[in-house]
Amino acid sequence: MQAISSALIADEYKKICCLTRNAIFFHKERDVWENVMKFTKTVFATAALSLFAGLALAEEMTIVSWGGAYSKSQLKAYHEPYTANTGVTIINDESAGTAVPKLRAMNEAGNLTWDVVDVEAGPAMQLCDEGLAMEIDHDFMLADAPDGTLASVDFGDFIVSDCFIPQIVYSYTVGYRNDMVGSTPPTSICALFDTETYPGKRSLKKGALSNMEWALLCDGVAKADIYPMLETAAGQDQALAKLDTIKDDVIWWSAGADTPQLLADGEVVMGSTFNGRLFALIEEQNQPVSMLWDGQIYDLDGWIIPTGLSPERQARALHYVRFATDTQRLADQSKWISYGPTRASSALLVDKHAELGIDMAPHMPTDPANSTNTFLMNYAFWADYKDDIESKFQAWLAQ
Amino acid sequence: MSYTDDNGPMMTMDGKPLKRSLAIALRRQKVRALLLISPLLIFVLFTFLFPIASMLFRSVENDIVSEILPKTVVALHSWDAESGELPDEIVYSAFAGDLQRAAKAKDHTRVGLRLNYEKSGMASLFKKTARQAKKWDLEADTSFKAKLIETHKGWADIAVWQTLKTHSSRYTSGYFLNSIDMRKTVSGPEFQPEDRQILVTLFKRTLIISLVITMSCILLSYPVAWLLANLPMRQANLLMILVLLPFWTSLLVRTSAWKVMLQQQGVINDLLVALGMIEETGRLALINNQLGTVIAMTHILLPFMILPMYSVMQSIPPTYLRAAKSLGATNWTAFWRIYFPQSVPGIGAGSILVFILSIGYYITPEIVGGNKGVFISNRIAYHIFQSMNWGLAAALGTILLVAVLILYWAYDKIVGIDNVKLGG
């Protein structure tokens with residue numbers, strides 16, 4: 001497109017030159033010629049400018065994320081400094097929630113409009129398996145820690161898939177109303193199942209994930225046995241039987257914002273959600289709610305790069321990701337949101353909240369004080385058993 | 001201008017038969033009309049009909065297994081799945097070849113994901129085995145049966161091979177069977193275990209709740225539409241704005257507002273407690289159940305009922321009612337025998353709109369429906385967005401579409417589609 005238009009401009013220029021030159025020799029007026037030269041120069045300059053602007057305009061990339069406070073933290077910590085350094089415009093698309101089906105549809109249509117996509121680890125593995133996400137050589141493509149530690153060591157176990165570039169750790173955890181739990185605030189995740197000590201409704205995710213683990217844990221199963229047990233029909237039935245004991249006391253949520261709203265309205269005494277949502281409820285909206293970190297289930301969120309990008313776009317996506325996941329950038333993000341950085345080297349740099357001015361370290365799910373009893377989501381397990389357990393769970397729910 | 005030949009047909013001025021000339025003119029007109037609507041036609045074809053057809057096709061399409069594991073599928077033909085014995089070496093070595101090729105092309109995970117919908121664990125079985133498969137030497141190695149079983153004990157499980165064989169055909173009825181809580185097995189279709197049966201329940205529930213919603217919309221809309229049609233212009237306009245205002249508000253905002261109204265610590269319960277009508281401990285459960293879905297969706301779909309009713313009622317001449325009364329009818333008889341029959345086309349149009357919209361709804365039931373007030377569309381959304389089982393989603397969608405078409409056909413037979421009016 002650009003090439004064609006510049007060729008056209010050159011053609012036009014030749015025509016103007018010849019015409020005007022004839023005219024000049026006919027009139028023998030030098031200053032007219034000069035004016036024409038000036039005119040053509042401006043034409044050329046504007047053409048060149050618009051050509052350049054066109055190229056600069058092409059220097060943009062679409063990054064897909066979740067929106068809200070989370071996108072804001074990325075904007076402040078990654079996008080703004082990256083644009084300042086490179087001049088690349090970043091378009092923020094907020095459809096991460098439907099990233100997997102959309103990437104699949106884009107791939108089938110052969111029209112890829114996304115450059116970098118923010119997804120949870122589970123969907124990242126699925127995209128990797130379907131061949132929709134690019135495989136990453138973490139040590140080669142990502143930055144080392146400041147002390148020279150390789151990226152694969154710095155991220156450690158959080159690299160759960162060949163395509164996944166870890167970014168933050170968040171957790172499914174429980175918050176409770178201070179004024180509804182009496183004088184003995186809960187200290188254990190099993191308070192969820194203890195309707196005698198803590199009467200009232202609780203809100204739980206409308207899905208198997210997180211609930212099945214907690215049910216077995218509170219039914220006395222050792223943590224190491226939970227996933228092997230959930231592979232068997234008997235284990236699944238045991239978890240559902242445990243959930244049956246509180247079924248009538250549960251409000252099932254499907255959006256992360258539900259539990260904070262239900263807690264704020266006093267509709268539930270306790271409820272599970274993402275830890276960042278509870279942080280916002282407690283610290284930003286000053287609601288009488290506390291965190292129950294016990295039994296929290298870690299989940300990861302990170303980047304993937306879709307397969308099938310043109311070489312230039314892929315190089316730019318990799319360049320961006322290398323920048324956005326270096327030690328300092330990951331630490332910077334925690335100034336804006338209470339999700340923990342996935343690099344060991346970033347954890348040391350976690351600072352105060354940029355607007356509230358409070359220390360962020362105690363609000364990180366990975367803080368030692370909060371992580372005495374935790375799970376890391378078993379992605380391999382859920383990849384195999386999600387369909388099966390989910391349909392069983394939904395059938396149980398509908399009874 | 002034309003003249004008649006005494007024996008021949010009527011001719012135009014230029015000597016052609018009038019009939020043909022008219023036909024040509026008519027055809028030209030038709031072509032012109034077709035050309036005029038062709039942009040819309042093409043647009044609808046490419047953005048609506050074609051995508052829907054291709055989505056529906058997914059409900060029977062199943063070429064992934066036979067494409068990625070072609071030799072295995074052929075080799076499995078000679079294996080009797082019900083024999084209770086593992087397939088022999090030919091199948092295993094064909095499979096080893098297929099898997100190695102698939103692993104190099106990175107296709108193996110796709111077939112693993114596909115089969116995992118049918119049997120849990122297939123995804124990781126394929127992933128783990130393929131990692132080893134890349135190293136095999138197909139020429140030199142002989143016993144792939146032992147090799148595969150050594151790599152993963154899953155290959156010694158007959159059920160794995162049965163799943164592979166059952167779901168290797170290019171077209172499958174499996175997704176449709178799944179949609180009605182059945183499944184395809186080696187010995188033919190059978191019901192799912194009881195603790196996994198959910199979809200038929202959801203289909204029934206969707207139809208019943210949608211009917212309830214349609215009925216309550218009719219009951220609530222009829223008086224409003226009547227008022228709209230009979231009030232003086234000024235008041236009617238004001239009322240119309242009140243009807244349309246929620247129509248222009250975001251669906252999510254309205255649904256969330258119902259949450260605030262209906263929850264146990266919500267406005268309605270607070271009011272009832274303050275008035276002493278219910279006890280503090282006996283707050284009503286108005287939301288997160290079927291009642292919540294009915295209330296919120298009735299409210300959201302009301303304008304779709306009111307507007308067609310209104311436009312029909314507006315065209316009923318008030319003189320008919322006056323004439324009936326002057327002939328001695330009571331108010332009720334005049335309404336029931338004269339006015340109501342004339343307003344039925346509006347009710348019909350509104351009901352079709354509301355019913356069809358409501359069986360496809362999923363956001364509102366998801367937010368206010370709790371565990372018992374969700375629809376089949378919530379499962380479709382789940383299979384599109386979460387489990388990525390698009391085949392099953394397509395089968396569910398096809399069934400829903402066919403159900404609507406059948407209901408439409410029944411409606412046409414009973415009431416007659418000509419009796420439906422969307423406008424005066």
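**Exercise 1. Domains of chain B**

Which domains does the domain assignment of chain B give? Also state how far apart the C-alpha centres of domain 1 of chain B and domain 2 of chain B lie.

*Solution.* The model is predicted.
- Step 1: Read the bounds. Domain 1 covers 11-57, domain 2 covers 64-196 and domain 3 covers 199-419 in the assignment for chain B.
- Step 2: Take the two centres. Between the C-alpha centres of domain 1 of chain B and domain 2 of chain B there are 51 Å.

**Exercise 2. The largest cavity**

State how many cavities of 30 Å³ or more the structure holds, then describe the lining of the largest cavity.

*Solution.* 
- Step 1: Count. There are 2 cavities of 30 Å³ or more.
- Step 2: Give the volume. The largest cavity contains about 100 Å³ of space.
- Step 3: Find the residues around the centre. The lining has 13 residues, and those closest to the centre of the cavity are Ile251(A), Leu262(A), Lys259(B), Asn288(B) and Ile367(B).
- Step 4: Assign elements. At least two lining residues each come from strand E6 (250-253) of chain A, helix H11 (258-264) of chain A and helix H17 (363-368) of chain B. E6(A) gives the most, with 3 residues.
- Step 5: Sort by class. The lining consists of 6 nonpolar, 3 polar and 4 charged residues.

**Exercise 3. The second largest cavity**

Name the residues that line the second largest cavity and the element that gives the most to this lining.

*Solution.* 
- Step 1: Give the volume. The second largest cavity holds about 60 Å³ of space.
- Step 2: List the lining by chain. Chain A supplies Lys206(A), Gln394(A), Leu397(A) and Ala398(A), while chain B supplies Ile198(B), Leu202(B), Arg205(B), Gly370(B), Asn371(B), Val374(B) and Arg379(B).
- Step 3: Assign elements. Two or more of these residues come from helix H16 (379-398) of chain A, and two or more from helix H10 (199-230) of chain B. H16(A) gives the most, with 3 residues.
- Step 4: Sort by class. There are 5 nonpolar, 3 polar and 3 charged residues in this lining.

**Exercise 4. The second largest pocket**

Describe the volume and lining of the second largest pocket.

*Solution.* 
- Step 1: Give the volume, which is about 770 Å³.
- Step 2: Find the residues around the centre. Of 31 lining residues, Tyr117(B), Glu118(B), Lys119(B), Arg183(B) and Gln192(B) are the closest to the centre of the pocket.
- Step 3: Assign elements. H16 of chain A supplies at least two lining residues, as do helix H8 (158-166), strand E3 (182-185) and helix H18 (376-385) of chain B.
- Step 4: Sort by class. The pocket lining has 8 nonpolar, 13 polar and 10 charged residues.

**Exercise 5. A pair of helices**

Describe how helix H15 of chain B and helix H16 of chain B pack.

*Solution.* 
- Step 1: The angle between the axes and the distance between them describe two packed helices.
- Step 2: Read them off. For H15 (residues 318-326) and H16 (residues 331-359) of chain B, the angle is about 145 degrees and the axes are 9 Å apart.
- Step 3: H15(B) and H16(B) cross in a right-handed way.
- Step 4: List the contact. H15(B) contributes Tyr320(B), Leu321(B), Ala324(B) and Lys325(B), and H16(B) contributes Asn331(B), Ala334(B), Phe335(B), Ile338(B), Tyr339(B) and Gln342(B).
- Step 5: Sort by class. The contact of H15(B) with H16(B) has 7 nonpolar, 2 polar and 1 charged residues.

Key:
Residues numbered from 1 in each chain as written. Chains lettered and ligands numbered in written order. Predicted model: local features only at pLDDT ≥ 70, side-chain atom pairs only at ≥ 80, totals over all residues. Heavy atoms only, no water. Domains from an automatic or database assignment. 1 Å grid on protein atoms, 1.4 Å probe; cavity = no way out; pocket = protein on both sides within 12 Å on 5 of 7 lines; lining within 4 Å. Points joined across faces, edges and corners; volume = space filled by probe spheres on them. Helix = DSSP H or I, 4+ residues; strand = E, 2+ residues; numbered from the N terminus. Nonpolar A, V, L, I, M, F, W, Y, C, P; charged D, E, K, R; others polar. Axes fitted to C-alpha atoms, helices over the stretch in contact; angles between N-to-C directions. Left-handed = near helix turned anticlockwise from the far one by under 90°. Contact = heavy atoms within 4.5 Å.
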